[in-house]
Amino acid sequence: MPKSFDYIVIGAGAAGCAVANRLSEDPNVQVAILEAGPKDSSPLIHMPAGFTKLVGEAVNWQFKTTEQKQVNNRNMHYPQGRTLGGSTSINAMIYIRGHRLDYDEWEDLGNKGWGYEGVLPYFKKSENNERFSNEFHGQGGPVNVADQTQSNPMTRAFVRAAQEAGIPYTPDHNGAQQEGVSYYQVTQRNVRRESAATAYLHAYKHRKNLTVITEAWASKILVENGKAVGVEYLHKRKQKRTLFANAEVVLSAGAVNSPKLLLLSGIGPADELKAFGIDVIHDSPGVGKNFQDHMDVYIAAECSQPLSYNGEDRWDKAVRHGIQYLLYKTGPVTACVAEAGCFIKSSDEVRSPDIQIHCLPAYVVDHGRKRIKGHGITINTCNLRPKSIGSVTLRSTNPLDAPAIDPNFLDDPYDWKISMEGFKWGRKILASPAFEPYIKRELMPGPEAQSEEEIKDYIRKWSKTDYHPVGSCKMGVDDMAVVDPQLRVNGISNLRVIDASIMPTLISGNTQAPSIMVGEKGAAIMKAGEVV
């Protein structure tokens with residue numbers, strides 16, 4: 001393998017795969033992309049329902065948060081993907097972009113070209129939508145977006161129940177109107193997972209100028225005279241290797257690992273770096289700050305009929321379902337579990353939907369790690385625009401150590417308010433007539449939890465991340481901005497951050513599609529030399 005490339009991309013997740021693909025479209029440049037995890041060779045990655053079994057360390061960072069003071073000081077489970085495709089290889093495949101006003105807010109913060117009209121072309125460029133052909137959607141892009149092949153009877157009941165509760169039906173959460181209830185579209189192709197790796201890397205493995213290096217644990221960005229010149233990494237966590245970049249280094253390691261690598265490289269708040277004995281290459285106070293994430297509050301109910309997906313992974317059923325999937329591409333193996341959802345407003349005063357609710361026709365408690373006998377349904381409720389701001393900081397100078405991840409959940413009283421409103425909406429939907437044939441009783445928290453304090457106690461015990469960390473290397477024009485609107489790291493030349501960490505504010509929805517968009521737009525900016 002050569003020691004130098006024109007471009008080195010660190011991280012083969014949603015954004016990194018897009019960047020590496022687009023840069024390598026020019027046959028005259030050499031591009032390397034580094035991924036800390038292994039190849040995405042596990043069959044569980046590519047079968048849609050297989051992600052429910054990808055809970056171990058093989059393809060998952062298995063992070064934990066710092067003690068979250070508002071939720072009983074829990075060190076919360078914080079999974080993120082560590083394989084080709086990153087979290088797009090282990091997520092529920094839901095294709096949601098957020099609300100158009102989210103991006104207009106980015107532009108209002110000084111990020112010219114990042115408003116909705118500026119990002120829509122890159123959503124469309126990335127997309128091959130099997131159903132829609134209109135001003136909001138693209139055809140012919142690398143990422144296949146499809147309708148699900150089946151839906152559980154309780155998912156269909158949820159869509160009716162939401163309408164009975166006063167929530168309108170919308171045909172497309174990513175189109176003219178986000179507000180409402182609908183079945184989710186998913187990133188699948190031929191009823192197989194469409195990850196960033198299958199979309200942007202595997203389909204283009206014939207390119208001789210694109211080198212994919214797995215089990216490459218980035219440990220330091222090399223900087224000489226204020227210019228990024230290369231990357232040090234540990235091959236299989238042991239052997240130190242070095243690659244040099246003739247043009248630029250692109251950091252696409254995600255909202256947890258991108259700030260961590262900047263800090264290990266001497267780019268970050270000077271006082272934090274000095275406390276670890278790290279030489280300060282550039283004092284950038286915003287590195288690791290502005291960290292934001294969605295938090296889930298879920299309601300679990302026992303079913304009166306054996307209709308849920310619980311128990312379908314028992315060995316005898318799993319064999320039958322596997323054969324059905326292989327022969328006909330139908331059955332429970334095709335499920336993304338979160339088959340439908342809705343976006344609603346907590347009040348008439350908010351500018352756009354600020355609550356998202358997922359319907360999961362199964363018991364999915366504590367990230368699916370807690371097994372409950374029988375059949376159940378889980379309603380996930382989420383405050384989409386939390387005001388609580390957290391951070392990512394170092395625990396040590398060992399690149400193999402996880403950083404200190406602090407989402408600071410529910411620190412702002414406003415987030416308590418919206419979380420409580422989302423919980424009430426979840427209960428209201430479950431109580432609608434469409435669910436009467438299916439629901440036996442509420443199991444978690446249970447009907448006895450009625451007072452505000454009882455519900456808060458339940459939230460403190462059982463809330464969890466919705467897996468959408470962003471913001472820790474924010475884009476902007478203020479003193480806390482880590483990158484400018486061209487995604488160039490302030491104070492260091494030939495270095496960019498292109499991933500979810502650059503988002504100045506958390507978008508109103510799932511972050512897979514927006515992260516891919518950031519990769520597409522970031523690569524286009526690099527090739528054009530200006531914001532496009």
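The model is predicted, so local features need pLDDT of at least 70, side-chain atom pairs count only at pLDDT 80 or more, and totals for chains, interfaces and linings use all residues. Residues are numbered from 1 along each chain as its sequence is written, and side-chain values use heavy atoms, with hydrogens and water left out.

Let's start inside. A nonpolar core here is a set of buried Ala, Val, Leu, Ile, Met, Phe, Trp, Tyr and Cys residues joined through side-chain atoms within 4.5 Å; buried means under 20% relative accessible area, exposed over 50% (1.4 Å probe, protein chains only). The largest such core has 81 residues, and Trp 114 and Met 517 are among those with the most contacts inside it. Helix α12 (residues 512–528) gives this core its largest share, seven residues. Apart from that core lies another, of 45 residues, including Trp 416 and Met 444.

Beyond four places in sequence, the contacts of Trp 114 include Met 517, Val 518, Lys 521 and Ile 525; contact means heavy atoms within 4.5 Å.

Now the backbone. Helices (H or I, at least four residues) and strands (E, at least two) are DSSP runs, numbered from the N terminus. The peptide bond from Met 444 to Pro 445 is cis, with omega near 5°, and Pro 445 sits in the loop between β23 (439–444) and α11 (452–462).
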